[in-house]
Amino acid sequence: MELYNKFDPIGNFLSNWRNSVVRKQVKGRLIDIACGDNRLVRSHPGNGLGIDIQKFENVDLVVDDFSQIPLPNESYDTATIVASLNYFSNAREVLEEIRRILTDQCRLIITMPNSSLIKYWLKIRDPEAHRLFMPRSQIVEIIETSGFKVVKEWQFMLSLNRFYLCNKR
């Protein structure tokens with residue numbers, strides 16, 4: 001399956017739905033980590049930057065490693081990782097780097113698919129898409145040991161996803 005297939009009505013619908021929920025929580029300058037086709041930043045009315053390790057269409061900055069982002073300290077107010085933390089082999093280091101580039105009054109927004117449900121969904125859509133399922137306890141542990149605290153979390157999209165709203169410790 002080709003990622004970001006423009007003729008994938010189900011995938012596009014779910015992506016747009018997820019981004020509409022995330023967008024409501026974004027404050028100030030936005031950096032979207034693992035932005036894919038950069039839909040979230042393009043739909044954000046303020047200043048934003050989408051970064052990825054692949055040159056998908058509309059990516060603003062391509063990096064070799066999300067744990068080494070070539071941006072100044074405290075240069076963004078909100079960072080988002082939308083449904084992709086489980087792709088990072090070095091998730092803790094990535095979050096520590098994101099912490100460096102966020103202001104003290106920042107927001108870190110992470111969404112993750114429901115690990116119990118997504119494995120069945122991916123068997124139908126794209127069996128190779130997720131290499132690692134992350135239970136809630138593991139996600140929270142990575143967030144908290146990276147210098148952030150979860151201030152609010154909830155399920156959304158009919159419990160298909162979980163939303164983590166975080167601040168610096």
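These legends describe close-up views of a predicted model. Local features need pLDDT of at least 70 and side-chain atom pairs pLDDT 80 or more, while totals for chains, interfaces and linings use all residues. Residues are numbered from 1 along each chain as its sequence is written, and side-chain values use heavy atoms, with hydrogens and water left out.

**View 1. W154, F156 and F163 form one aromatic cluster.**
The structure holds four aromatic pairs. Rings of Phe, Tyr and Trp (its six-membered ring) pair if their centres lie within 6.5 Å; planes under 30 degrees apart count as stacked, over 60 as edge-to-face and the rest as tilted. W154 and F163 are stacked, at 4.2 Å centre to centre with 10° between the planes. F156 and F163 have ring centres 5.9 Å apart and planes at 70°, so this pair is edge-to-face. Burial is judged by relative accessible area: buried is under 20%, exposed over 50%, and partly exposed in between (1.4 Å probe, protein chains only). F163 is buried at 0%. F156 is buried too, at 7%. W154 counts as partly exposed, at 22%.

**View 2. The charged end of K152 sits over the ring of W154.**
Its distance from the ring centre is 5.2 Å. A charge sits over a ring if NZ of Lys or CZ of Arg is within 6 Å of the ring centre and within 35 degrees of the ring normal.

**View 3. Strand β1 is covered on both faces.**
Helices (H or I, at least four residues) and strands (E, at least two) are DSSP runs, numbered from the N terminus. Strand β1 spans residues 30-33. In a regular strand the side chains alternate between the two faces of the sheet. Here L30 and D32 are buried on one side, I31 and I33 on the other. Two strands pair if DSSP finds at least two bridges between them. β1 runs parallel to β2 (residues 48-52), joined by four bridges. I31 has L49 as its bridge partner in β2. Four bridges also link β1 to β4 (residues 76-82), again in the parallel sense. In β4, I81 stands opposite I33.

**View 4. A34 and N58 have positive phi values.**
Most residues other than glycine have a negative phi. A34 is not a glycine, yet its phi is about 60°. The residue is found in the loop between β1 and α2 (39-43). A34 is buried, with a relative accessible area of 17%. N58 has a phi near 75°. N58 lies in the loop between β2 and β3 (61-62). At 34% relative accessibility, N58 counts as partly exposed.

**View 5. Helix α3 has its buried residues on one face.**
The helix covers residues 91-101. A91, V94, L95, E97, I98 and I101 are buried. Seen down the axis of α3, these residues fall within an arc of 160°, so they line one face (the arc is that of the directions from the helix axis to the C-beta atoms). The buried residues pack against β1, β4, β5 (102-113), α5 (136-144) and β6 (148-156).

**View 6. S146 lies in the loop between α5 and β6.**
S146 is buried, with a relative accessible area of 4%. Its side chain reaches the backbone oxygen of I142 at 2.6 Å. Contact means heavy atoms within 4.5 Å. Leaving aside neighbours within four places in sequence, S146 is in contact with R92, L95, E96 and R99.

Definitions and conventions
A polar contact is a pair of N or O atoms within 3.5 Å; within protein, one must be able to donate a hydrogen and the other to accept it, and residues adjacent in sequence count only if both atoms are side-chain atoms.
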